[in-house]
Amino acid sequence: QVQLVESGGGLVQPGGSLRLSCAASRSISSIVAMGWYRQAPGKQRELVASITSTGSTDYADSVKGRFTISRGNAEISMYLQMDSLKPEDTAVYYCHVDTDWLGPRRRYWGQGTLVTVSA
């Protein structure tokens, strides 16, 4: 079983920045895509950003121009640079990895890291 671990969350003032990291416990073959979702209290989980195996990226309209997703040098590592943070960015952020290795496409999730944007 693959475990994903997020880190980098915390409390930040509006306008500030945070960098989230995601790393896997072991190698994963045939990665289709990786990404970040978030879930605010009382709301559904929503896509924040994703990156495919070819490097194509996609962002939620609410974070375009402020957040940047990237892959690290390690095989399974990913970052989310969050700038110009707003109170409405407060949520638990989850990373995911999609793979179709030896079967249908499936998704692994991390346990989440809390980001709080408040003065």
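# Questions on terms and values

Student: Why is Ser84 called partly exposed?
Tutor: Ser84 has a relative accessible area of 40%. Buried means under 20% relative accessible area, exposed over 50%, and partly exposed in between, with a 1.4 Å probe and protein chains only. The value of 40% therefore makes Ser84 partly exposed. This is a predicted model, in which local features need pLDDT of at least 70 and side-chain atom pairs count only at pLDDT 80 or more, while totals for chains, interfaces and linings use all residues. Residues are numbered from 1 along each chain as its sequence is written, and side-chain values use heavy atoms, with hydrogens and water left out.

Student: Where is Leu102, and what makes it count as exposed?
Tutor: Leu102 lies in the loop between E9 and E10. Its relative accessibility is 75%, so Leu102 is classed as exposed. Leu102 also has a positive phi, near 55°, and is a residue other than glycine.

Student: Which residues does Trp101 contact beyond its neighbours within four places in sequence?
Tutor: Contact means heavy atoms within 4.5 Å, and by that rule Trp101 touches Ser29, Ser30 and Arg106. Trp101 sits in the loop between strand E9 (91–99) and strand E10 (106–109). With 43% relative accessibility, Trp101 counts as partly exposed.

Student: How do you know that Cys22 and Cys95 form a disulfide?
Tutor: A disulfide is a pair of cysteine sulfur atoms within 2.5 Å. The S to S distance of Cys22 and Cys95 is 2.1 Å, so the pair meets the rule. The count by this rule is one disulfide. Cys22 lies in strand E3 and Cys95 in strand E9, so the link ties together parts that are 73 residues apart in sequence.

Student: Are these two cysteines buried or exposed?
Tutor: Cys22 is buried at a relative accessible area of 2%, and Cys95 is buried at 0%.

Student: Why are E1 and strand E3 said to pair?
Tutor: Two strands pair if DSSP finds at least two bridges between them. E1 and strand E3 (residues 18–24) have four bridges, so they pair, in the antiparallel sense. Both belong to an open sheet of four strands, in the order E1-E3-E8-E7. Strand E1 (4–7) and strand E7 (67–71) are its edge strands, since each pairs on one side only.

Technical notes: Helix = DSSP H or I, 4+ residues; strand = E, 2+ residues; numbered from the N terminus.
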